[in-house]
Amino acid sequence: MTFGEKLKSLRKQNGWTMEELANRLSDDSGRSIKKGRVSIWESGQNEPNFRVVQSIGSVFNVSIDYFKDNAGPLSKYVKDDRTKQELISIYNDLIPKRRINLLNYAKEQINQQNN
């Protein structure tokens with residue numbers, strides 16, 4: 001995936017419009033990013049500078065290494081995911097039948113996300 005494809009995917013996973021993402025970002029001088037710049041990045045016409053990539057990583061809670069061309073799956077780059085830890089704790093507290101229900105629900109969510 002290209003930088004733009006990864007950015008668009010992360011944005012959509014969070015249910016944000018380009019404008020909503022732009023409002024969460026800032027450039028080198030602390031100024032907010034405009035929606036048009038997000039569009040340019042997502043379309044692959046240009047890529048942001050390093051400091052903006054850092055800001056993007058922070059907004060999505062992922063390592064900036066995820067944006068490299070040869071990066072693996074997103075799950076390897078998520079930083080300090082407290083939700084993941086909470087989900088594991090809940091899973092461990094469930095009886096086997098409810099664990100299966102939770103797993104099936106998670107698979108359903110992934111299918112909906114990818115369609």
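**Close-up views of the α4 helix and its surroundings**

**View 1. Asn61 and the end of α4.** Asn61 is placed in the loop between α4 and α5 (82–93), and in this predicted model it comes after helix α4 with a positive phi, near 60°. Most residues other than glycine have a negative phi. Asn61, a residue other than glycine, has a positive value. The relative accessibility of Asn61 is 32%, and the residue therefore counts as partly exposed.

**View 2. The N-terminal end of α4.** The N-terminal end of helix α4 is capped by Asn49, which places a side-chain oxygen 3.1 Å from the backbone nitrogen of Arg51.

**View 3. The largest nonpolar core.** This core comprises 20 residues, and those with the most contacts inside it are Trp41, Ile56, Phe60 and Phe67. Four helices, α1 (3–13), α2 (18–24), α3 (35–42) and α4 (50–60), each contribute at least two residues to the core, and the largest share, four residues, is supplied by α4. Once residues up to four places away in sequence are set aside, Ile56 touches Phe3, Leu7, Leu25, Trp41, Pro48 and Phe67.

**View 4. The buried residues of α4.** Val52, Val53, Ser55, Ile56, Gly57 and Phe60 are the buried residues of this helix, and what covers them includes α1, α2 and α3. An α-helix has 3.6 residues a turn, so residues three or four places apart point the same way. Ser55, which is found in helix α4, has a relative accessible area of 16% and is therefore buried, the cut-off being under 20%. Apart from its neighbours within four places in sequence, Ser55 is in contact with Leu25 and Ser26.

View 5. In one of them, the ring centres of Phe3 and Phe67 lie 5.0 Å apart and the ring planes meet at 50°, so the pair is tilted. Because Phe3 belongs to helix α1 and Phe67 to the loop between α4 and α5, this pair ties together parts that are 64 residues apart in sequence. Phe3 counts as buried, at 4% relative accessibility, and Phe67 likewise counts as buried, at 8%. Ring pairs join Phe3 and Phe67 with Tyr66 and Tyr77 in a cluster.

View 6. A search of the whole structure finds two salt bridges; in the one shown here, Glu42 is paired with Arg11, and their closest N and O atoms are 2.5 Å apart. Since Glu42 lies in helix α3 and Arg11 in helix α1, the pair ties together parts that are 31 residues apart in sequence. Both residues, Glu42 and Arg11, are buried.

**View 7. The salt bridge between Lys68 and Asp65.** The side chains of these two residues meet at 3.5 Å, N to O. Lys68 is partly exposed, with a relative accessible area of 45%, and Asp65 is also partly exposed, with a value of 33%.

**View 8. Arginine side chains over aromatic rings.** The charged end of Arg24 is positioned over the ring of Trp16, at 3.9 Å from the ring centre.

Definitions and conventions. Residues numbered from 1 in each chain as written. Predicted model: local features only at pLDDT ≥ 70, side-chain atom pairs only at ≥ 80, totals over all residues. Heavy atoms only, no water. Core = buried A, V, L, I, M, F, W, Y, C linked by side-chain atoms within 4.5 Å. Buried < 20%, exposed > 50% of the residue type's maximum accessible area, 1.4 Å probe, protein only. Contact = heavy atoms within 4.5 Å. Phe/Tyr/Trp six-rings, centres within 6.5 Å; stacked < 30°, edge-to-face > 60°. Lys NZ or Arg CZ within 6 Å of the ring centre and 35° of its normal. Polar contact = N/O pair within 3.5 Å; in protein donor to acceptor, adjacent residues only side chain to side chain. Salt bridge = Lys/Arg side-chain N within 4 Å of Asp/Glu carboxyl O.
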